[in-house]
Amino acid sequence: MSTLLIEQILNGLQYGAMLFLLASGLTLIFGIMGVINLTHGSFYMVGAFCAAHAATATGSFAAAILAALVGAGLYGLIMELVVIRRLYARDHLDQVLATFGMILFTNELVTVVFGRTPPFMDIPGFLSGTVQLLPDLSYPVVRLAFILVGALVAIGLWALITRTRIGMLIRAGADDRSMVDALGVDIRRLFSLVFALGAVLCGLAGVMTAPLLAVEIGMGERILITTFVVIVVGGVGSVRGALVGALLVGMVDSLGRAYIPITLYDLLPPEIASTLAAGLVSASIYVLMAAILLVRPRGLLPARG
């Protein structure tokens, strides 16, 4: 395998790990609660802003992680109690309109709280530098750490959903929420817990992104579209599907950015290849989604039933 291919595979794993944190929370919320939550990307933005400002104020990456998880989780819980709880019995159009309005509200709220100047977050010292994976390949430690975090979260979610009482209730609520409620389980509290968990995962994704990408107002809307692609590819309501879809989308995006321009420059004149490559790279994950839906209309690993 070439050095470029190995590097892009690692980049795809890192991007896929970040997408999984977003997609797993969103698929839990939609699969269990039946709510289309367009504000999900805003929790990711809130987490990134909290992490960047906490790191700047304290110089501690641990404080940045704590601030992101608490900030995103608390904001998600408040939103569930104040807004989302009123939408459970409403149709999806009402949910889309209400949560779209909350995107605009959150953008303005973050601007008021943190200011208009985009914050900057340095890579922490213990994650800076590179690791020599091959004689001619050095890879950033921070990206390897985030791949590890994504893997640990995937294992933790699997254990939570399949090996705990809370996970049993989550799965039962996804199948028949009325029966779970009739058995004496406080379904509203369960929904609040699931929603807050999804927001916390978004906050963790924000911490992963803040040292690598620009932290700015509106960053949640851009990643939200890709997150929906991941869910559609993997299967709506399936955490396993979210993992597979995230890794697949991450790989296609990463490999496409590396190899589509190289291939087109070999086949076409530079001025044509440049324009065409930019369009194909942007469209690669949507082509992937269309191809999968032609074969598997419900996604690769849809939720049972």
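This is a predicted model: local features need pLDDT of at least 70, side-chain atom pairs count only at pLDDT 80 or more; totals for chains, interfaces and linings use all residues.
1. Residues 190–213 are 83% helix and 0% strand, with the end C-alpha atoms 34 Å apart. Helices here are DSSP runs of H or I with at least four residues, strands are runs of E with at least two, and both are numbered from the N terminus. The span 61–84 is 92% helix and 0% strand, and its end C-alpha atoms lie 32 Å apart.

2. Residues are numbered from 1 along each chain as its sequence is written, and side-chain values use heavy atoms, with hydrogens and water left out.

3. The second largest pocket has a volume of about 480 Å³. Of its 20 lining residues, Tyr15, Met18, Thr209, Leu213 and Ile223 are the closest to the centre. Two or more lining residues come from each of helix 1 (3–33), helix 8 (187–209), helix 9 (219–234) and helix 10 (239–267). Helix 1 gives the largest share, five residues. By class, the lining divides into nine nonpolar, six polar and five charged residues. Nonpolar here covers Ala, Val, Leu, Ile, Met, Phe, Trp, Tyr, Cys and Pro; charged covers Asp, Glu, Lys and Arg; the others, Gly among them, count as polar.

4. As to the pocket criteria, a pocket is an open set of points on a 1 Å grid over the protein atoms alone, where a 1.4 Å probe fits, with protein on both sides within 12 Å along at least five of seven lines; lining residues have an atom within 4 Å of a point. Grid points are joined across faces, edges and corners, and the volume is the space filled by probe spheres set on the points.

5. Leu21 is located in helix 1 and is buried, with a relative accessible area of 0%. Buried denotes under 20% relative accessible area, exposed over 50%, and partly exposed the range in between (1.4 Å probe, protein chains only). Apart from neighbours within four places in sequence, Leu21 is in contact with Val153, Leu201, Cys202, Leu204, Ala205 and Met208, contact being heavy atoms within 4.5 Å. The C-alpha atoms of Leu21 and Ala246 are separated by 8.9 Å, although the two residues are 225 apart along the chain.

6. Val230, in helix 9, is buried at a relative accessible area of 0%. Beyond its neighbours within four places in sequence, Val230 is in contact with Leu19, Ala23, Ala242, Gly245, Ala246 and Val249. Val230 and Phe20 are 210 residues apart in sequence, and their C-alpha atoms are 8.2 Å apart.

7. Gln95 belongs to helix 4 (residues 92–114) and is buried, with a relative accessible area of 1%. Not counting residues up to four places away in sequence, Gln95 touches Gly34, Val35, Ile36, Leu87, Tyr88 and Arg90.

8. Thr39 sits in the loop between helix 1 and helix 2 (40–58) and counts as buried at 0% relative accessibility. With neighbours within four places in sequence left aside, the contacts of Thr39 are Met79, Thr99, Met102, Ile103 and Thr106. Thr56, by contrast, is exposed, with a relative accessible area of 59%; this residue is found in helix 2.

9. A search of the whole structure finds zero disulfides, a disulfide being a pair of cysteine sulfur atoms within 2.5 Å. Cys50 is in no disulfide, and the nearest cysteine sulfur, that of Cys202, is 13 Å away. For Cys202 the closest cysteine sulfur is likewise that of Cys50, and the 13 Å separation is too far for a bond. Cys50 is buried, with a relative accessible area of 15%, and Cys202 is buried, with a value of 0%.
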